[in-house]
Amino acid sequence: DKNLILLGTLGAPVDGEHAGKVRERIAKLASENNRLILHYLCRGSIDLYRTENKRKIPEGQKGRIDEKGYLRHLDSQGHPNADELNGAKRAVTEALLKL
């Protein structure tokens with residue numbers, strides 16, 4: 001029975017379908033016995049060690065990353081950036097002021 005403010009990062013774009021599903025799961029889990037005041041989700045970087053391992057998987061096998069996925073992983077580097085961190089700070093400040 002707590003008020004929760006959750007901050008998280010996601011290696012995928014936060015406006016995509018995957019991010020929407022993550023938000024739904026988090027909201028459901030966090031709200032079971034608590035009050036979810038804020039859930040801030042921003043882009044995060046993907047561990048390139050994992051990316052390289054996925055590139056080594058033979059083509060056609062589950063888990064292999066294609067060129068498009070590889071570029072998406074590279075694009076995740078540098079996140080969260082200053083704008084995203086400032087966005088988290090603003091969102092938390094606003095949520096606390098509403099309490």
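I began in helix 2, where Glu52 and Arg55 are three residues apart and so separated by about one helical turn. This is a predicted model, by the way. The two side chains form a salt bridge, with the closest N and O atoms 4.0 Å apart. I found Glu52 partly exposed at 32% relative accessibility, and Arg55 is partly exposed with 32% as well.

I stayed with Arg55 and looked for a ring. Arg55 lies over the face of Tyr70, 3.7 Å from the ring centre. For aromatic pairs, my count came to zero.

Next I went through the salt bridges, and the count came to four. One of them joins Asp1 to Arg35, with the closest N and O atoms 2.7 Å apart. Asp1 sits in the segment before strand 1 and Arg35 in strand 2, so this pair ties together parts 34 residues apart in sequence. Asp1 is exposed at 69%, while Arg35 is partly exposed at 39%.

Lys21 and Glu17 meet in another salt bridge, at 3.3 Å from N to O. They are four residues apart in helix 1, hence about one helical turn. I noted Glu17 as exposed at 62% and Lys21 as partly exposed at 43%.

Then I turned to Arg64, in the loop between helix 2 and helix 3. Leaving out residues up to four places away in sequence, Arg64 touches Lys54, Arg55, Ile57, Pro58 and Glu59. Its relative accessible area is 35%, so I logged Arg64 as partly exposed.

Last, I checked the surface: Ile37, Leu96 and Leu99 make a nonpolar patch of about 280 Å². Leu99 lies in the segment after helix 4 and is exposed at 56%.

Definitions and conventions:
Residues numbered from 1 in each chain as written. Predicted model: local features only at pLDDT ≥ 70, side-chain atom pairs only at ≥ 80, totals over all residues. Heavy atoms only, no water. Phe/Tyr/Trp six-rings, centres within 6.5 Å; stacked < 30°, edge-to-face > 60°. Lys NZ or Arg CZ within 6 Å of the ring centre and 35° of its normal. Patch = residues over 30% accessible without salt bridge, like charges linked within 9 Å, V, L, I, M, F, W, Y side chains within 5 Å. Areas by Shrake-Rupley, 256 points an atom, 1.4 Å probe, with all protein chains shown as cover. Helix = DSSP H or I, 4+ residues; strand = E, 2+ residues; numbered from the N terminus. Buried < 20%, exposed > 50% of the residue type's maximum accessible area, 1.4 Å probe, protein only. Contact = heavy atoms within 4.5 Å.
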